[in-house]
Amino acid sequence: MLSRLFAPKVKVSAHCDLPCGVYDPAQARIEAESVKAVQEKMAANDDPHFQARATVIKEQRAELAKHHVSVLWSDYFKPPHFEKYPELHQLVNDALKALSAAKASTDPATGQKALDYIAQIDKIFWETKNA
C-alpha cells in the first residue's frame, strides 16, 4: 500500500540532463576569443611581468574553452547528432587539440585555428537546435 502511495504519478523523460537552453557554443567562443586577444597583446608588449600575467590568463581561458567544448560533446550532443554529423567526433577532438596548442603558444594563429573549429561546432549545434 505504501509503495502505491509514494509511486510517481507522472513519468517524464528528456534527452539531456538539463533543459537544452543551458548549452551554447558561445561560451567556448568567448573564451577562445580571449585566448587570441591575449596572444595579440603579448606580441605587442615585451614587459616580463605583463608576459607572465598574460600567460596565466591565456592558459586559464584556453582551459575554460576546452571545458565548454567538452560539455557540449558529452552532455548536449547525442547519438542522433553523431549519426547525422559523422565528422562531429573528429571536429570536437580537433577543437580540443587546437585549444591545447593555443594554450601553449603566443601565436595568434593558434587561437584563430581554435576559433575556426569552434565556429564549425557552433554551426552544427544550431542546426540541431533548430531541427
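Contact here means heavy atoms within 4.5 Å. The model is predicted: local features need pLDDT of at least 70, side-chain atom pairs count only at pLDDT 80 or more, and totals for chains, interfaces and linings use all residues. Residues are numbered from 1 along each chain as its sequence is written, and side-chain values use heavy atoms, with hydrogens and water left out.

**View 1. Residues of helix α2 in contact with helix α3.** From α2, Gln27, Ala28, Glu31, Ala32, Ser34, Val35, Val38, Gln39, Lys41 and Met42 meet a set of α3 residues that includes Phe50, Ala54, Ile57, Arg61, Leu64, His68 and Val69. This contact of α2 with α3 comprises twelve nonpolar, six polar and four charged residues (nonpolar: Ala, Val, Leu, Ile, Met, Phe, Trp, Tyr, Cys and Pro; charged: Asp, Glu, Lys and Arg; polar: the others, Gly among them).

**View 2. Axes of helices α2 and α3.** The axes of α2 (residues 26-43) and α3 (residues 48-76) come within 8 Å and cross at roughly 160°. Helix α2 is therefore roughly antiparallel to α3, a term for angles over 145 degrees. Axes are lines fitted to C-alpha atoms, for helices over the stretch in contact, and angles run from 0 to 180 degrees between N-to-C directions.

**View 3. Helices of the protein chain.** The protein chain has six helices and zero strands; helices (H or I, at least four residues) and strands (E, at least two) are DSSP runs, numbered from the N terminus.

**View 4. Burial in the protein chain.** Of the 131 residues in the protein chain, 33% are buried, that is, under 20% relative accessible area (1.4 Å probe, protein chains only).

How values were computed: Angles under 35 degrees count as roughly parallel, over 145 as roughly antiparallel, 65 to 115 as roughly perpendicular and the rest as oblique. Buried means under 20% relative accessible area, exposed over 50%, partly exposed in between (1.4 Å probe, protein chains only).
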